[in-house]
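This briefing goes through one structure by topic. Please have the sequence and the coordinates open while reading.

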Amino acid sequence: TFTQHMKEPVRVVVTGGSGQIAYSLLFRIASGSLLGEHQPVILQIYDLPHMQSALKGVVMEISDGAFPLVHEIIASDTPSTVYADADYAFLVGAKPRGPGMERGDLLKQNGEIFVKVGQDLDKFAKKTVKVLAVGNPVNTNALIAMSNAPSIPKENFTAMTRLDHNRALCQLATYLNTEVHNIEKLVIWGNHSPTMFPDLTYTTLHNQKIKTKIDHIWYEKEFIPTVQQRGTAIIAARKASSAASAASAAVDHVRDWALGSNGQWVSMAVPSDLYNGEYGIPIGLIFSYPIVCANGSYQLVKDLKIDEFQHNKLRITVNELLKEKEAVVDLIRK
Ligand code: LMR
């Protein structure tokens with residue numbers, strides 16, 4: 001029967017449950033896009049007290065999807081209920097960026113939210129919980145949450161640069177007049193911000209390196225800034241920050257982490273503490289690296305050669321992350 005093939009349900013937390021990103025994300029999780037068609041889920045959805053009516057509506061809609069994989073839906077403004085025994089946590093809830101703002105403008109306001117989230121995960125979630133920060137500024141928010149959850153291994157805390165990775169793939173595929181699946185070994189380094197470095201040094205098309213085939217002016221003056229500024233371009237066009245594409249990237253990130261990336265490189269922002277200063281990245285940051293995922297964990301792609309151009313780009317994004325960290329130092333638990 002249907003249930004015999006089914007695994008035990010897992011508990012998936014989504015915060016910011018009545019927001020724009022969750023409105024896409026929850027339905028992707030419910031449909032099996034996240035963990036496959038044999039993995040039932042218990043959705044544990046958080047939003048603030050004054051958002052509970054809107055959240056109720058979202059729950060009604062998930063119910064109306066009649067998703068066979070949705071074992072239970074828990075929606076609440078009570079952290080002990082929402083984070084209880086969580087296996088996965090999508091930290092979406094945060095103030096979004098509006099026109100004219102940089103992600104850094106959100107540092108303090110959203111930092112406070114992530115202190116509480118870290119403490120709540122520490123108290124109520126499984127110690128194996130896999131955490132993805134989606135709300136901006138993501139890298140620093142993930143760092144704040146991680147430092148406030150000392151009983152959970154650091155490596156369980158990640159931040160999303162998969163959206164930038166996907167944006168870069170699409171820009172490059174268009175330029176090369178090919179499809180995204182023919183492209184491999186693209187890297188987003190650093191912060192999810194305009195200092196990020198979308199790096200094509202190792203990138204291949206049909207297993208051939210492309211670096212020598214692309215116009216360097218296009219790379220530096222068009223490709224890199226377009227990827228760096230894509231979030232801003234979406235805000236200008238939509239008058240609201242990206243939502244469905246962010247949800248889709250969040251699914252990609254956690255799916256690959258949980259189920260493996262099949263040898264493909266992906267970009268994930270993860271604790272630099274794990275890698276001992278590799279590539280010159282100081283410890284104490286959440287930094288986006290080239291990563292390969294297998295067996296429910298992730299690993300850094302090691303021994304890449306870094307040239308002067310890359311080194312300079314890396315330094316810029318490292319410095320920005322160090323500054324962000326300094327601005328919220330009182331929210332980081334030692
Ligand atoms: C994005 O990259 O689209 C999001 O981080 C939203 C933003 O503030 O840019």
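**Briefing**

N177 counts as exposed, with 6 C-beta neighbours inside 10 Å, where 12 or fewer is the cut-off for that class. The model is predicted. N177 follows helix α6 and has a positive phi near 55 degrees.

**Backbone features**

- N177 is not a glycine, yet its phi is positive, at about 55 degrees.
- The loop that holds N177 runs between α6 (162–176) and β7 (183–184).
- N276 is another residue other than glycine with a positive phi, near 55 degrees.
- The place of N276 is the loop between β12 (266–271) and β13 (286–294).
- N276 is exposed, because 8 other C-beta atoms lie within 10 Å and the class takes in residues with 12 or fewer.
- The peptide bond between N136 and P137 is cis, with omega at about -10 degrees.
- P137 belongs to the loop between β5 (130–133) and α5 (138–147).

**Helix α6**

- Helix α6 has 15 residues, and its first and last C-alpha are 21 Å apart, close to the expected 21 Å at 1.5 Å a residue.
- Its buried residues are R162, L163, D164, H165, N166, R167, A168, L169 and L172.
- One of these buried residues, L163, is also among the residues around the ligand.

**Helix α1**

- Helix α1 (residues 20–31) has 12 residues and spans 18 Å from first to last C-alpha, close to the 16 Å expected at 1.5 Å a residue.
- The residues I21, A22, L25, L26, I29 and A30 are buried in α1.
- An α-helix has 3.6 residues a turn, so residues three or four places apart point the same way.
- The cover over the buried residues of α1 includes the strands β1 (10–15), β2 (41–46), β3 (70–76) and β4 (88–91).
- Helices α2 (52–64) and α9 are also included in that cover.
- After α1 comes G32, with a positive phi near 100 degrees.

**Nonpolar core**

- The largest nonpolar core has 89 residues, of which L25, F90, V134, A145 and A250 touch the most other members.
- Helix α9 (residues 244–259) gives the most to this core, contributing 7 residues.
- L25, one of the core members with the most contacts, is a buried residue of α1.
- V134 is in contact with I21, F90, L91, V92, M160, A246 and A250, leaving aside residues up to four places away in sequence.

**Ligand shell**

- Which residues are around the ligand? They are R97, R103, N136, L163, G231, I234, S241 and S242.
- By class, the shell has 2 nonpolar, 4 polar and 2 charged residues.
- N136 is part of this shell and is joined to P137 by the cis peptide bond.

**R315**

- R315 is in helix α10 (residues 308–327).
- R315 counts as partly exposed, because it has 15 C-beta neighbours inside 10 Å, which falls between the limit of 12 for exposed and that of 20 for buried.
- From R315 to T140 the C-alpha distance is 17 Å, while the two are 175 residues apart in sequence.

Note on methods
Residues are numbered from 1 along each chain as its sequence is written. This is a predicted model: local features need pLDDT of at least 70, side-chain atom pairs count only at pLDDT 80 or more; totals for chains, interfaces and linings use all residues. A nonpolar core is a set of buried Ala, Val, Leu, Ile, Met, Phe, Trp, Tyr and Cys residues joined through C-beta atoms within 7 Å. Helices (H or I, at least four residues) and strands (E, at least two) are DSSP runs, numbered from the N terminus. Two residues are in contact if their C-beta atoms, placed from the backbone, lie within 7 Å. A residue is near a molecule or strand if its C-beta atom, placed from the backbone, lies within 6 Å of it. Ala, Val, Leu, Ile, Met, Phe, Trp, Tyr, Cys and Pro count as nonpolar, Asp, Glu, Lys and Arg as charged, and the others, Gly among them, as polar. The expected span of a helix is 1.5 Å times one less than its number of residues.
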